[in-house]
Structures are given as structure tokens and as C-alpha cells.
Amino acid sequence: MKDLSNVSYFGAGPCEAYEDKHAYAPVSLYKSTIKNMEVPYVIPQESGSHAFTRQVIFSNSKKKLVIESQKDFSFNASYYNQNMLPLHHFELSEDKCIYLHIDYRMNGVGSMSCNHFDNIPFTYNLTEKKIKHSFVIKF
């Protein structure tokens with residue numbers, strides 16, 4: 001599936017956008033590639049998500065994968081496994097597949113490093129006890 005490197009999506013962009021970081025990322029139709037959506041932080045971490053998405057399409061000249069929902073979702077696509085991130089960006093090596101993350105929503109990232117959720121305004125924290133959300137996936 002690594003060959004489905006072209007990405008088109010209707011969501012916040014063209015740069016990464018989160019629940020609490022999106023004023024600079026209007027919702028619109030965007031086209032890019034998985035490689036171009038990479039955010040090269042010095043210390044690799046979760047990055048490149050696009051909140052407020054309704055549809056994302058991964059394609060090449062012969063096939064495509066479509067994911068859509070009636071409600072907003074967040075997605076991230078990368079050639080890097082989040083569980084195997086090294087200490088520095090220059091140490092990354094692309095895997096042989098695409099890692100796709102589809103999230104109903106994400107906690108806000110705040111202005112501190114991840115996992116400091118006590119510093120994120122309540123508005124951007126997930127508090128739902130039950131979530132009902134559906135996606136349509138087409139090949």
C-alpha cells in the first residue's frame with residue numbers, strides 16, 4: 001500500500017491541525033503527498049494530523065482508498081511506525097508501508113509536550129464516556 005502516496009482531503013490544512021491548533025489551517029480541499037505532509041520535528045513525535053476532516057483519499061494512477069464520514073475526524077498518514085520513533089529526526093528510516101491513523105477526535109496538544117493534559121483547556125480534552133462515530137472505507 002506504500003504506493004498510495006498521493007493524498008487529497010477535505011479538512012483543516014494544508015499544515016498539521018489539531019483541536020486547539022488550527023486558526024492557521026482553514027477547512028478546504030487539499031492535495032499533497034504523504035512525504036510532504038511529514039513534520040520534521042527535532043524529536044520525532046505524533047505529528048501531521050489534520051482535524052475537522054470529512055474525507056481523505058489515498059491514491060496512485062491505478063487505485064485509491066477513500067475514507068469518509070458524516071462527522072469530522074482527524075487523520076495522519078506516515079511511513080514511520082509511531083512505536084518505533086528514534087530520538088532524532090535524522091535517525092528515521094521509512095518503512096515499507098503506510099501507517100494510517102484515523103481518530104474520532106484527539107485531545108488538544110497544548111503548548112507543552114504531549115502527555116501534559118492538565119495544562120490543556122478543558123474545551124480541548126476528550127470527556128465523552130460513549131462515542132458513536134462511523135466511517136465509510138472504499139477501495
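Is D3 buried, partly exposed or exposed? In this predicted model, D3 has a relative accessible area of 39% and is therefore partly exposed. D3 forms a salt bridge with K63, with 3.7 Å between the closest N and O atoms. Because D3 lies in the segment before β1 and K63 in the loop between β3 and β4, the pair ties together parts that are 60 residues apart in sequence. K63 is also partly exposed, at 46% relative accessibility.

The structure holds seven salt bridges. Side chains of opposite charge can pair when their charged atoms come close. Another of these pairs consists of E19 and R105, whose closest N and O atoms are 3.3 Å apart. E19 is buried, with a relative accessible area of 14%, whereas R105 is partly exposed, at 23%. In a further salt bridge, the side chains of D72 and R54 meet at 2.6 Å, N to O. D72 belongs to strand β4 and R54 to strand β3, so the pair ties together parts that are 18 residues apart in sequence. Both residues are partly exposed, D72 with 31% relative accessibility and R54 with 37%.

The largest nonpolar core has 15 residues, of which V7, Y9, I34, V56, F58 and F75 touch the most other members. At least two residues of this core come from each of β1 (6-12), β3 (50-59) and β4. The most are given by β4, which contributes five. Beyond its neighbours within four places in sequence, F58 is in contact with residues including V7, I34, F75 and L100. K63, the salt-bridge partner of D3, is also among the contacts of F58.

On the surface, F10, V27 and L29 form a nonpolar patch with about 270 Å² of accessible area together. V27 is placed in strand β2 (residues 27-33) and is partly exposed, with a relative accessible area of 44%.

Two features of the backbone were also noted. G13 and P14 are joined by a cis peptide bond, with omega about 0 degrees; P14 lies in the loop between β1 and β2. F52, in strand β3, has a positive phi near 60 degrees although the residue is not glycine. F52 is partly exposed, with a relative accessible area of 23%.

Note on methods:
Residues are numbered from 1 along each chain as its sequence is written. This is a predicted model: local features need pLDDT of at least 70, side-chain atom pairs count only at pLDDT 80 or more; totals for chains, interfaces and linings use all residues. Side-chain values use heavy atoms; hydrogens and water are left out. Patches are made of residues with over 30% relative accessible area and no salt bridge: like charges are joined within 9 Å, nonpolar side chains (Val, Leu, Ile, Met, Phe, Trp, Tyr) within 5 Å. Accessible areas come from the Shrake-Rupley method with a 1.4 Å probe; for residues, only the protein chains shown count as cover. A salt bridge is a side-chain nitrogen of Lys or Arg within 4 Å of a carboxyl oxygen of Asp or Glu. Helices (H or I, at least four residues) and strands (E, at least two) are DSSP runs, numbered from the N terminus. Buried means under 20% relative accessible area, exposed over 50%, partly exposed in between (1.4 Å probe, protein chains only). A nonpolar core is a set of buried Ala, Val, Leu, Ile, Met, Phe, Trp, Tyr and Cys residues joined through side-chain atoms within 4.5 Å. Contact means heavy atoms within 4.5 Å.
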